[in-house]
Amino acid sequence: MHRFRLNYDCSFAAAILLVSALLAGGAYWVVDASVERMVRKDAEAAALGWGRYLASNLADLEQIAAGEAPSPQSLRFIERARVIGQIFRFKLFDASGQLRLVSDDLGKRWDNEPKLAIHNPAAAAVMTTGQPYTEIKHGKPPLRPPLYAETYLPVRMGGRPAAIVEVYLNQTDKQALFHEHFALAGISLAILTALSFGVPGCALYLRSRQKNRADARARYLAHHDAMTDLLNRATFVERLDDLVAAARSSGERIAVHSIDLDNFKDLNDALGHDVGDEVVAIAAQRLLAAADEGDLVARLGGDEFVIAQRRVAHFSDVEALARRVVATLCGPMTVRGRDLAPGASVGIALAPDDGATALALLRNADLALDAAKAAGRKTFRAFEPAMDEQLKARLSLETLIREATECDGFDLFFQPIVSSGGGDIAGFEALLRLPDGAGGFISPTVFVPVAEEMGLIARIGEWVLRHACRVAATWPEHLGVSVNLSPKQFSDGDIHQVVKSALRESGLNPRRLELEITEGLLLKNTEAVLEQLRALKAEGVSIAMDDFGTGYSSLSYLMRFPFDKIKIDRSFMQDLDAGDGNAAGILRTIISLGHLLKMSVTAEGIETATQAEVLRELACDYIQGFHYGRAAPELDVATMVLKEIAPGPAAAGRAA
Ligand code: C2E
Ligand code: CA
Ligand code: CA
């Protein structure tokens with residue numbers, strides 16, 4: 001673009017110079033020609049006047065022309081008239097062109113001089129044309145003036161040609177004067193011409209230059225990212241495709257590094273988009289510096305970059321660049337007075353092994369990038385075919401989740417919760433199931449996090465709540481139902497309203513509904529969440545802290561919210577079978593703590609009679625686990641409930 005502008009500017013300047021030179025040359029030529037013409041005309045006019053004066057004062061002009069010596073009176077006149085004004089000399093020829101008199105050499109005879117027709121035929125012709133003839137000449141001072149005119153005048157007497165007078169006229173001053181006037185006029189004319197052509201010319205030039213620049217910028221932006229000046233996605237893909245195609249015959253190996261700034265979204269949200277933009281711009285500069293010449297560096301959008309590394313001989317070359325990229329982006333950067341160190345993760349795909357097209361390579365490099373992020377960020381990973389399998393599995397899971405959400409495809413199972421004292425069923429925990437399409441179910445530990453990422457969990461959770469309330473409303477009054485809530489249901493939807501409407505629709509007594517939350521919910525925006533929990537509690541619903549003991553801050557949250565129940569995570573139960581005194585001691589402490597805070601306690605994951613026995617001894621309020629029953633479909637639960645309320649030994653049935 002710059003070179004083009006330079007060439008364009010140069011040729012315009014050259015054109016301006018050429019036109020100016022032509023104008024100046026033309027003006028000079030016109031002035032010169034006009035001045036010579038004026039000098040000639042002026043000389044002729046002066047000579048004519050002088051000729052008449054001579055003819056009227058030299059009574060014997062005809063005789064002198066005929067070769068006779070001038071009369072003393074004429075001689076005196078000639079002596080006086082020899083130098084008058086511009087005239088510094090004159091000559092007299094007879095009608096045949098024979099020189100007879102020279103004003104500044106009066107004594108000499110000129111009979112032997114060659115005739116005028118011989119050395120100056122044009123001058124001799126004045127006798128026949130009757131018109132004066134002038135020659136402009138340059139002299140050498142002091143003998144001759146710098147510029148003078150020689151004008152030949154025919155003199156007729158009594159109707160006959162009598163003589164030719166040659167008058168020498170000093171025109172030096174006249175020429176200077178004419179020059180001055182004409183030059184002034186010429187220059188003015190040239191300026192006027194220059195202005196009348198130049199001004200519109202310049203305007204035209206400026207406009208076309210502006211347009212050219214805008215065109216060049218548009219062409220540039222079609223290929224580059226405006227914020228960073230790196231290649232844009234479309235151009236990168238196009239060029240990488242060309243490189244990969246060329247590499248097929250040359251055998252060159254190319255590494256595609258997909259680069260993503262770590263936690264950029266948080267940085268953007270916390271510090272604003274201006275800071276985010278600057279971080280992106282700095283990152284772009286650092287990537288350019290880290291890449292080799294000839295590598296393609298592009299911004300794909302947001303905080304995503306990519307480098308196509310060329311001339312890869314060994315995988316160590318690829319690792320070296322990936323390491324450089326991670327190091328340079330982890331390095332400190334100061335943006336608007338803040339010291340930041342965003343860090344980055346890199347995923348690598350190699351052509352030709354990991355893809356035959358730019359898009360396939362980018363896709364696989366992105367999969368490797370996901371692996372780098374999963375490995376804790378600020379690092380790099382190379383693509384492996386297993387990643388592709390994982391992606392396919394993930395995509396089909398997303399499809400299943402989407403279809404189940406839209407077509408009422410989920411199932412809700414119920415697991416009994418028994419009171420540890422009498423072993424009676426106190427209620428059920430509703431557990432979500434996603435049919436896998438082959439007769440089995442996908443575990444909620446697998447699909448719930450994916451549904452959360454897909455932004456669907458609030459909708460799914462609402463279905464769970466309504467369905468659980470509707471089913472529980474058909475059970476005997478003393479049985480409660482527990483529903484698990486995802487933290488996203490607190491941030492993405494109005495959980496209070498959803499719970500209220502589920503209760504209203506089903507007619508379930510709020511006291512029979514228990515909501516289970518994990519401490520993950522309380523990690524962010526605690527105040528807003530506590531507000532929602534208080535509103536729910538005010539409806540009469542009870543709130544349980546699930547998976548107690550697995551997190552870091554469970555205890556501190558117990559102090560901040562009046563939970564109705566603690567559910568001790570099943571990881572605490574495993575050591576009970578071995579008769580581990582410590583395990584029992586910890587459980588005793590948690591149960592006492594709960595009771596101290598006026599919370600009831602449920603132990604989860606009870607699989608054996610031994611575990612059940614220990615917990616009963618520890619005065620745990622409720623027990624839940626395979627020992628009492630697995631999560632089962634709605635119909636099996638109905639059977640279980642009927643069995644319980646039927647007269648006979650109280651025992652919870654076992655579900656599949
Ligand atoms: P959770 O809330 O801790 O649910 C208890 C899990 O432990 C259930 O797994 C249950 O089947 C399992 N379990 C119960 N007793 C035993 C036992 O004796 N031994 C063993 N090994 N496991 C036992 P499930 O149904 O696979 O659910 C897993 C997790 O998925 C749940 O953990 C809960 O966090 C989540 N989840 C389930 N349903 C929902 C739901 O409707 N919404 C949300 N947001 N999450 C749900
Ligand atoms: Ca639970
Ligand atoms: Ca649990």
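Select Asp-546 first: this residue bridges the calcium ion (ligand 2) and the calcium ion (ligand 3), which lie 3.9 Å apart. The model is predicted; local features need pLDDT of at least 70, side-chain atom pairs count only at pLDDT 80 or more, and totals for chains, interfaces and linings use all residues. Residues are numbered from 1 along each chain as its sequence is written, chains are lettered from A and ligands numbered from 1 in the order written, and side-chain values use heavy atoms, without hydrogens and water.

Next, show the protein donors of the calcium ion (ligand 2): Glu-429 (OE), Asn-484 (OD1), Glu-516 (OE) and Asp-546 (OD), at 2.1 to 2.3 Å from the ion. Donors are N, O and S atoms within 2.8 Å of the metal (3.2 Å for Na, K and Ca); water is not among the atoms, so sites may look incomplete. Glu-429 lies in strand 14 (residues 425-435) and Glu-516 in strand 17 (residues 513-517), so the pair ties together parts 87 residues apart in sequence. Strands (E, at least two residues) are DSSP runs, numbered from the N terminus. Glu-429 is buried, at 3% relative accessibility, and Glu-516 is buried at 1%. Buried means under 20% relative accessible area (1.4 Å probe, protein chains only).

Now select ligand 1. Which of the 21 residues around ligand 1 come nearest? They are Gln-415, Arg-433, Asp-546, Glu-607 and Phe-626, where near means a heavy atom within 4 Å. A polar side-chain atom of Asp-546 lies 2.9 Å from an oxygen atom of ligand 1. Finally, an oxygen atom of ligand 1 is 2.9 Å from a polar backbone atom of Phe-626.

How values were computed
Helix = DSSP H or I, 4+ residues; strand = E, 2+ residues; numbered from the N terminus. Buried < 20%, exposed > 50% of the residue type's maximum accessible area, 1.4 Å probe, protein only. Polar contact = N/O pair within 3.5 Å; in protein donor to acceptor, adjacent residues only side chain to side chain.
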